[in-house]
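Here is a short briefing to read alongside the structure. It looks at a pocket, then at a pair of packed helices.

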Amino acid sequence: GDSHAHMWLPAQDRIAKKRHWKLYMWEKPSCPMIRLTVRLPEFHDAYPSCAAYHENVLRLMRRIGGVDTVISLHFTGYPRHLGTADNEPLSYDEAIRAWGPAWADMEADLQAVAKRVVVVHDDPRSPVDVPACIAAHRADTTPCSFPRGPGLRDSNAVFGAERKASTPGTGFVNLNDLLCPGAVCPVIWYDGTIMYRDSHHLPATVVRELRPQLQARHVPLVEGHEH
């Protein structure tokens with residue numbers, strides 16, 4: 001996946017060591033494992049090295065051989081930055097409609113090199129830079145919290161499209177009941193840790209704290225105990 005896949009590495013690495021898994025991590029910034037053209041805002045154009053990255057990762061997995069599970073995890077703000085194969089921009093609604101079939105194509109490629117595929121739901125996204133907001137509201141950080149609905153709009157749309165398009169054997173993991181258990185998503189963890197490094201990346205401290213819950217939901221899918 002992208003930087004959001006790398007974000008969960010502190011927990012994934014601990015789980016892998018505890019379970020005696022051999023873990024490989026492949027990550028390219030702003031590049032989800034999806035058969036759609038990513039158009040980076042800073043370039044106002046396509047991101048051709050993203051598609052090349054997909055093929056390189058698939059080639060590496062074929063070379064390794066015997067891969068048990070592929071875990072797919074990525075940021076879900078991409079529907080605003082996607083295009084057609086001809087590099088024509090897609091509207092948000094068009095991107096969401098295209099996401100499911102594009103994921104199905106990628107899922108088929110992943111299933112060709114691994115026994116199982118597991119998809120992890122993206123975390124809630126704040127409308128503002130959280131550390132900057134907290135710095136401006138040190139006495140009371142309540143204004144920095146944000147509504148659950150808008151915070152999960154993109155991730156629910158993308159996750160839903162992937163789930164609908166996936167084959168029955170693909171597993172899905174969602175930890176947002178822990179990250180945002182109510183109608184308003186907090187930005188301060190129970191121990192006082194700031195929950196975001198920007199508007200959507202979780203810090204390693206929070207990720208490590210969630211390791212037991214991730215393991216409980218993850219291990220049966222990765223080890224093939226349930227489908």
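**Pocket and helix packing**

Helix H2 (9-19), helix H3 (48-64) and strand S3 (67-72) each supply at least two residues of the lining of the largest pocket. Please keep in mind that this is a predicted model. The other topic is the contact between helices H4 (residues 92-111) and H7 (residues 153-165).

**The largest pocket**

- The space in the largest pocket comes to about 680 Å³.
- Its lining is made up of 28 residues, and those nearest the centre are Leu23, Tyr24, Thr69, Val70 and Ile71.
- Strand S3 is the element that gives the most to this lining, contributing 6 residues.
- By class, the lining residues of the largest pocket comprise 18 nonpolar, 6 polar and 4 charged.

**Helices H4 and H7**

- Two packed helices are described by the angle between their axes and the distance between the axes.
- For H4 and H7, the packing angle is about 40° and the axes lie 8 Å apart.
- Angles under 35 degrees count as roughly parallel and those from 65 to 115 as roughly perpendicular, so H4 and H7 are oblique to each other.
- The crossing in which H4 passes H7 is right-handed.
- On the H4 side, the contact is made by Tyr92, Ile96, Trp99, Gly100, Trp103, Ala104 and Glu107.
- H7 brings Arg153, Asp154, Ala157, Val158, Ala161, Glu162 and Ala165 to the contact.
- Sorted by class, the residues in the contact of H4 with H7 are 9 nonpolar, 1 polar and 4 charged.

Key: Residues are numbered from 1 along each chain as its sequence is written. This is a predicted model: local features need pLDDT of at least 70, side-chain atom pairs count only at pLDDT 80 or more; totals for chains, interfaces and linings use all residues. Side-chain values use heavy atoms; hydrogens and water are left out. Axes are lines fitted to C-alpha atoms, for helices over the stretch in contact, and angles run from 0 to 180 degrees between N-to-C directions. Helices (H or I, at least four residues) and strands (E, at least two) are DSSP runs, numbered from the N terminus. Angles under 35 degrees count as roughly parallel, over 145 as roughly antiparallel, 65 to 115 as roughly perpendicular and the rest as oblique. A crossing is left-handed if the near helix is turned anticlockwise from the far one by less than a right angle, and right-handed if clockwise. Contact means heavy atoms within 4.5 Å. Ala, Val, Leu, Ile, Met, Phe, Trp, Tyr, Cys and Pro count as nonpolar, Asp, Glu, Lys and Arg as charged, and the others, Gly among them, as polar. On a 1 Å grid over the protein atoms alone, a cavity is a set of points where a 1.4 Å probe fits but cannot get out, and a pocket is an open set with protein on both sides within 12 Å along at least five of seven lines; lining residues have an atom within 4 Å of a point. Grid points are joined across faces, edges and corners, and a volume is the space filled by probe spheres set on the points.
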